[in-house]
Amino acid sequence: MSVRQSLLAILDQGPCYGYQLRAEFDRRTGSTWPLNVGQIYNTLERLERDGLVERGDADEQGHVYWAITDAGSAEVSGWLSSPVERATGTRDELAIKLAVAATLPGVDVAAVIHTQRKASLAQLQELQRTKYAGAKPDSPEELAWTLVIDSMIFAAEAEVRWLDHTEQRLAQHPQHALELELSSERPKRGRPSRAVPV
């Protein structure tokens, strides 16, 4: 998730100070992705270095306001008009864990899947029971919160479906056919070649 672009988009509405930016980010994301103030200020300093925001003077309470530059507004416009690019490779810990577990001798992969499915279903049920805690139902804050929670629910449902699919795929192979012994072939130096999607 791009904290950088999100903060820029908020600043595109008007100057803010650090704690104010954090509160605005929380309002717009339903507090589902908590940011600490240190992360906000580090991001602001990088945005300033890149010419996307400018640091203003402090007010009488000591709040330093940050304002977006024309280059920052252009970056916000580009971000909002571009699709989110998903990574081509996976760094998903669960996918890697199951792929490795399926190839190790003596591992009960069905038990690994069962344990994960139980945890994934519990998370899904918790998300489905989650209620908006804000003061104003039908507010823009409630809508933003709902969009984020819906995304998390859909992701949890997809994970459960993927676990079911994985269990079915593994059931089609005898356990010994999946096990990989350590290779005696010496690996070549350098990066391995990537599989090209068809």
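Analyst: Helices are DSSP runs of H or I with at least four residues, strands are E runs of at least two, and both are numbered from the N terminus. Let's start at Glu75, which sits in helix 4, residues 70–80. This is a predicted model, where local features need pLDDT of at least 70 and side-chain atom pairs 80 or more, while totals for chains, interfaces and linings use all residues. Residues count from 1 along each chain as its sequence is written, and side-chain values use heavy atoms, without hydrogens or water.

Glu75 is partly exposed, at 24% relative accessible area (buried is under 20%, exposed over 50%, partly exposed in between; 1.4 Å probe, protein chains only). Beyond neighbours within four places in sequence, Glu75 contacts Arg4, Gln5, Leu8 and Leu52 (contact: heavy atoms within 4.5 Å).

Together with Leu11, Leu21 and Leu44, Leu8 touches the most other members of the largest nonpolar core, which has 17 residues (a core joins buried Ala, Val, Leu, Ile, Met, Phe, Trp, Tyr and Cys through side-chain atoms within 4.5 Å). Helix 1 (3–11), helix 2 (18–29), helix 3 (37–49) and strand 2 (64–68) each give two or more residues to this core, and helix 1 gives the most, with five. Leu44, setting aside neighbours within four places in sequence, is in contact with Leu11, Leu21, Val53 and Trp66.

Leu8 and Leu44 also take part where helix 1 meets helix 3: Val3, Arg4, Leu7, Leu8 and Leu11 face Gln39, Ile40, Thr43, Leu44 and Leu47.
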